[in-house]
Amino acid sequence: MTMDAAAESSESRLSSSQLNKNKPFHNDESCPKEVFPVRGCGSRNTSPSGRIGSRNTSPSRQKVVKTKPRGLDVETVATFGKAVHPDVQMEDNIWAMLPEDLFNEILARVPPFMIFRLRSVCKRWNSILQDTSFLKFHSEVPSHGPCLLTFWKNSQTPQCSVFSLPLKTWYRIPFNFLPQWAFWLVGSSGGLVCFSGLDGLIFRALVCNPLTQTWRTLPSMNYNQQRQLIMVVDRTDKSFKVIATSDIYGDKSLPTEVYDSKIDKWTVHQIMPAVNLCSSKMAYCDSRLYLETLSPLGLMMYRLDSGYWEHIPAKFPRSLLDGYLVAGTQKRLFLVGRIGLYSTLQSMRIWELDHAKIMWVEISRMPPKYFRALLRLSAERFECFGQDNLICFTSWNQGKGLIYDVEKKVWSWIAGCALQSYNSQVCFYEPRFDASVR
């Protein structure tokens, strides 16, 4: 680092005492408006995490209280109070001389949401997100871990909250940079998020990075009709593809279209064979796209490398009420759904596709106490999606979330209340600064 750069960096940084005075790192209402942990989203929050602080009489004392929140049949353990750590004074003249590469390597290991909030510290940190050296270090460090991204519109204003599973904290991310027509959340992959919507009479799609607040609209498709979309990211060559399958109104004459960011255009592929889809939900794993079909019974599989469809005669389990396809790691494909004709006999089960025998093999069942808490009524609707052998369940009416780890065989509730908006759309999300929309 040159002396001029060090001087500029020293002037632009806030001193330690100024940081403590402004409290930019504290998780309360004094946080910058761009990103802050969500403490509550309305009167419907019955989670103990939404009441943290109301009963704490000693900030330095750890107290564990077991409660049974209204609407849940299982006990939830909530910890009130946080340990107070002594303030550490930092010498500005020492930290101002920190080598550039060491500074970038340290910053690359800070949780992404904290870096996003630190942009307001100084001009240098505000521009660090576009620095190639920092992005290189960031791409080499281990991933932050899986997160849940929820998107909804409040009075036509886009709202977004992200729940970090490693940190077990909700963060609010401003989403007012998107155009008004971007209404439907398609999904997320490799740090990018895809939306679709009607721009006037034209069906469009866009891809954005919530952390860098960058986005771009994809070119118009060859056939201007609303389609089922799914996005996949290839981090090796830093590119992404968007696959447009059948028309949402059931038009079977439309060919499959694939957008490739490397050539920035849509290409037309084979028309899906005439089938009756039993769900619009799709799952993508091992370069293959899967959809459920009723006639003929089984799955339709689209090979992205060849651009052709083929039918897999994998019969569904008996008495399956509703099924969701969920992609796991590598070639693992899961089927999640309810079994049973009556509410007292219903249960939620998880199957895995045996590719060799072309049959579904049951691997897990949701414990009854979780099932009763998630779905109160037999006709109640739910959403299910997954990533990296994690399966998330959300109830449309209850506003609750449940995570199942297929490898560890562990069930856990999602804390907070950002899932309680009736029109919220949810997907798994991996926060990455190096994910580019170009």
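Are Glu430 and Arg432 buried or exposed? I looked up both, and both are buried (under 20% relative accessible area; exposed is over 50%, partly exposed in between; 1.4 Å probe, protein chains only).

I noted the basis of the numbers. This is a predicted model, where local features need pLDDT of at least 70 and side-chain atom pairs count only at pLDDT 80 or more, while totals for chains, interfaces and linings use all residues. Residues are numbered from 1 along each chain as its sequence is written, and side-chain values use heavy atoms, with hydrogens and water left out.

Next I looked at the pairing. Glu430 and Arg432 meet through their side chains in a salt bridge, 3.4 Å from N to O. The term means a side-chain nitrogen of Lys or Arg within 4 Å of a carboxyl oxygen of Asp or Glu. I counted 17 salt bridges by this rule.

I then followed Arg432. Asp434 also forms a salt bridge with Arg432, with the closest N and O atoms 2.9 Å apart. Asp434 is buried at 19% relative accessible area. Arg432 is buried at 3%. Shared partners link Arg235, Glu430, Arg432 and Asp434 into one salt-bridge network.

Last, I checked a helix pair. Glu140 forms a salt bridge with Lys136, and their closest N and O atoms are 3.0 Å apart. Both lie in helix H7 (residues 132-140), 4 residues apart, about one turn of the helix. Helices here are DSSP runs (H or I, at least four residues), numbered from the N terminus. Glu140 is exposed at 52% relative accessibility. Lys136 is partly exposed at 48%.

Technical notes
Helix = DSSP H or I, 4+ residues; strand = E, 2+ residues; numbered from the N terminus.
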